[in-house]
Amino acid sequence: LMSKIYDTKRFIDDVAGVFTGTERQFENWKTDLLRELNKFGLNVKSSDWNIGLELGQLVNFLDIQFGFSFEGNLVTDIYIKETDSKSFLNFSSCHPPHIFSSVLYSQALRYRRIINSTENLKAQLQTLKFRLTNSGYPKTMIDNIFKKVESLDRNLVMRQNSKEVNNKAICVISTYGNDNKLCNLIKSIVPSLVQHKIIDDVKFVKKTAFWRNLRKKCQKVKTSKNI
């Protein structure tokens, strides 16, 4: 395992893998590994070898917790260190509106990709929502974006762009969670428009940006008390 390593420049403390041999073979492999690590002044604490031995116990790896349930199913959850400040970009800071919606979407999507249980996902998103509201984010904005993320699939699928362009297809773009009355009105008249061959189809595109009114868009200039 260590025969081709001549020197170490950086200590990697997060390692995970699968051992397919017997328990005795694993003990021999562990002894050989520790012997080679000791040559470089490195070691693995004996308590670390016992993490995750019990069913239902989760192991921390980077920002992921993983383990196996009593039924033998893989369980993955989000892991946040105790030293994490759990703070986010404050909503009152001077940034464009799309920055705040991007913060919400990226954080929720990260939870969606990591957590494989629907119940755990909802519980963790509620905790995340509490932390975001403490940073000034509106609850309506959080709920709208979280609702969209929960409906997404956990698998990343590459989209294939169609080369065919339909000039009669109408694209309706609106903010996710808003303009529902307008969208419902359009949906109600689409069958009639299609029947009379006025249009071929209507495509609804939902954006995650949280557009403020003109008054809120006017940012106040922050002045320093030292000036």
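**Reading a predicted fold**

Colleague: Okay, and what share of the residues counts as buried?

Modeller: Out of 227 residues, 22% do.

Colleague: Which residues make up the nonpolar patch on the surface?

Modeller: L55, F68, F70 and L74, which together have about 460 Å² of accessible area. L74 sits in strand β3, residues 74-78.

Colleague: Why does L74 count as partly exposed?

Modeller: Because its relative accessibility is 46%, and partly exposed covers the range between under 20% for buried and over 50% for exposed.

Colleague: Now a helix. Which way do its residues point?

Modeller: The general idea: an α-helix has 3.6 residues a turn, so residues three or four places apart point the same way. Now try helix α2, residues 97-114. From first C-alpha to last, α2 reaches 27 Å with its 18 residues, close to the 26 Å expected at 1.5 Å a residue.

Colleague: Which residues of α2 are buried?

Modeller: Find F100, S101, V103, L104, A108, L109, Y111, R112 and I114.

Colleague: Last one: how much of the contact list links residues 24 or more positions apart?

Modeller: Among contacts with a separation of 6 or more, such pairs account for 60%.

Technical notes. Residues are numbered from 1 along each chain as its sequence is written. This is a predicted model: local features need pLDDT of at least 70, side-chain atom pairs count only at pLDDT 80 or more; totals for chains, interfaces and linings use all residues. Side-chain values use heavy atoms; hydrogens and water are left out. Buried means under 20% relative accessible area, exposed over 50%, partly exposed in between (1.4 Å probe, protein chains only). Contact means heavy atoms within 4.5 Å. Patches are made of residues with over 30% relative accessible area and no salt bridge: like charges are joined within 9 Å, nonpolar side chains (Val, Leu, Ile, Met, Phe, Trp, Tyr) within 5 Å. Accessible areas come from the Shrake-Rupley method with a 1.4 Å probe; for residues, only the protein chains shown count as cover. A salt bridge is a side-chain nitrogen of Lys or Arg within 4 Å of a carboxyl oxygen of Asp or Glu. Helices (H or I, at least four residues) and strands (E, at least two) are DSSP runs, numbered from the N terminus. The expected span of a helix is 1.5 Å times one less than its number of residues.
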